[in-house]
Amino acid sequence: MSETQAETEIRQQLIEVFSEAEYPVTEPFELIPVLPDGAATTFEAGDVTLGAMDIGMGYAEYQEYPYQTVEALVDDLMAGLRDDGIFS
């Protein structure tokens, strides 16, 4: 299944922001300092707007810390967002 434009853009934004973290990341609170607007940060693409806290809390079951790379973290977050139908 190919990614929608919004999915591709959100993935790129997540990678850009979370690549600033120092890996390995052992808990979600380590990611807050790299968010441009802290907990109020939003990711937007097309009709999709996602708050950083909504992603962190709403998709916690998809996250398996520690993360060694930004790609692994973003892959898990994107899996949760897809499973929830955010991009359909």
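These legends go with several close-up views of a predicted model. Local features here need pLDDT of at least 70 and side-chain atom pairs count only at pLDDT 80 or more, while totals for chains, interfaces and linings use all residues. Residues are numbered from 1 along each chain as its sequence is written, and side-chain values use heavy atoms, with hydrogens and water left out.

View 1. Helices (H or I, at least four residues) and strands (E, at least two) are DSSP runs, numbered from the N terminus. Starting at the N terminus, the order is α-β-β-α-α. The protein is as compact as a globular protein of its length, because its radius of gyration of 12 Å is close to the 12 Å that the globule rule gives for 88 residues. That radius is taken over C-alpha atoms, and the rule is 2.2 Å times the number of residues to the power 0.38. The C-alpha trace spans about 30 × 25 × 20 Å along its principal axes.

**View 2. The largest nonpolar core, with 25 residues.** Such a core is a set of buried Ala, Val, Leu, Ile, Met, Phe, Trp, Tyr and Cys residues joined through side-chain atoms within 4.5 Å; buried means under 20% relative accessible area, exposed over 50%, partly exposed in between (1.4 Å probe, protein chains only). Among the residues with the most contacts inside this core are Ile-10, Leu-14, Met-78 and Phe-87. Helices H1 (5-18), H2 (52-58) and H3 (70-83) and strands E1 (42-45) and E2 (48-51) each supply at least two core residues. H3 gives the largest share, six residues.

**View 3. Phe-18 and its contacts.** Contact means heavy atoms within 4.5 Å. Skip the neighbours within four places in sequence, and Phe-18 still touches Tyr-23, Leu-31, Val-34, Leu-35, Phe-43, Val-70, Leu-73 and Leu-77. Phe-18 and Phe-43 also both belong to the list of residues with the most contacts inside the core.

**View 4. The hairpin of E1 and E2.** The two strands pair in the antiparallel sense over four bridges; pairing is called if DSSP finds at least two bridges between them. Phe-43 has Leu-50 of E2 as its bridge partner, and Ala-45 sits opposite Val-48. Two residues lie between the strands, and Gly-46 takes a positive phi near 60°.

**View 5. The two faces of E1.**
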